[in-house]
Amino acid sequence: MSDALMNARRLLEQMKQRGTAFHGLELMLLERGALAQVGGYLREQGLAQPVVVADAHTCEAAGKELLGRLKDEGIDVRLILIEPDAQGDVVADERSLMQLFIEAAPEKTGCLIAVGSGTIHDITRFVSHRSQLPFLSVPTAPSVDGFTSAGAPIIVKGVKQTFQASAPAAIFADLDVLMKAPQSLVAAGFGDMLGKYTSLFDWRHSSSIGGEPYDEQVAAITEAALLACVEHVQDIGQRSETGIRVLMTALIESGIAMLLFGQSHPASGAEHHLSHYWEMEFLSEGRRALLHGAKVGVAAAEISQLYHDAVDSGIFPYAEPEGLARHRERIQDWLTKVPSPDRLRSLLKQAGGPSTHEELGIEEKLVQRSLQEAHTLRNRHTLLRALNEVR
């Protein structure tokens, strides 16, 4: 295991000590040449007849090299390319799931290998879980924190829902592959991490106001991963080896923090609700999909603006007079950890990604509608939900 992931291994050991139920993640590699170790792992684990799951782009990025290596080692491997939709996007929806279910033929498949970023992993982990097949993770870009996730966000009948699935048995994050990823995907990963500023705020809020479960240690793990990315934003923007290593480590640690807690609260708040709302709107209109992390980063700036404005103007959506001062003091304290929207947009620019909804092609009216309706997508007591409930 690479030194960068030693903390991640420590987190997994803590999960075992807690008695937390999870499957997989027995091996994590983040180093140059990690692809070369996939074949040896398959043989050690007795995983015959693997199926590589990719799309046209991720197959070029790493799928072809992996297939060639496995075939050279005498491993009987097949490739399944997930087909894009009418807009040219590969989407984690019913159509993609059925393609993989049918073509993988679980009865003649030993394991699945997800070669790609968020969408390919979501499709693969869902089918893996339902087929009771192990799957391996081969990230092609440091673009999301869901590589180690046990949840699969899937679009069902136009609505994004998260289903219980499985974490990968192993992750092979090859720095030689990750450093070649387009800057847009690297910046998306940074945007996904930057969203932890508002998700951690909302988690504290939902725990205090709504009585939802909270774990201080998990929050600290997530915050440390976030701050490491912010500290190295210039390295990330330059796609240096240090920057990519820091970003990918943070994404993995954020995913493990969610596994440790058992839910997505540490890494998903109102900023993710806005992102999901925009995604579903684009799908319904037949528009090209936007990168998840790019949306999350911009959404975090929008949520920061809303929350700071609400607190600065003295708007506190709580009726009980005896609790008003206490709530105000808590929220003001939590909000000191959320940078201003200008600061968040500056960081997004330094990482080489879009920093405003206009740059993403999202209209102001859609942003305003999402600020009024996106809280209904998840049953969580975010400040966004509280502000809307007093309208």
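This report describes the sheet, the helices packed on it and selected aromatic pairs of a predicted model.

## Basis

In this predicted model, local features need pLDDT of at least 70 and side-chain atom pairs count only at pLDDT 80 or more, while totals for chains, interfaces and linings use all residues. Residues are numbered from 1 along each chain as its sequence is written, and side-chain values use heavy atoms, leaving out hydrogens and water.

## The sheet

An open, parallel sheet is formed by six strands in the order E1-E8-E5-E4-E2-E3. Strands are DSSP runs (E, at least two residues), as are helices (H or I, at least four), numbered from the N terminus; two strands pair if DSSP finds at least two bridges between them. Strands E1 (27–31) and E3 (78–81) stand at the edges with a single partner strand each, so one side of each lacks a neighbour in the sheet.

E1 pairs with strand E8 (residues 170–174) over five bridges in the parallel sense. Within this pairing, Leu 30 has Ala 173 in E8 as its bridge partner.

## Aromatic pairs

Rings of Phe, Tyr and Trp (its six-membered ring) pair if their centres lie within 6.5 Å; planes under 30 degrees apart count as stacked, over 60 as edge-to-face and the rest as tilted. By this rule there are seven aromatic pairs. In one of them, Phe 126 and Phe 163 are edge-to-face, at 5.6 Å centre to centre with 85 degrees between the planes. Phe 126 belongs to helix H5 and Phe 163 to strand E7 (residues 159–164), so the pair ties together parts 37 residues apart in sequence. Ring pairs also link Phe 101, Phe 126 and Phe 163 into a cluster.
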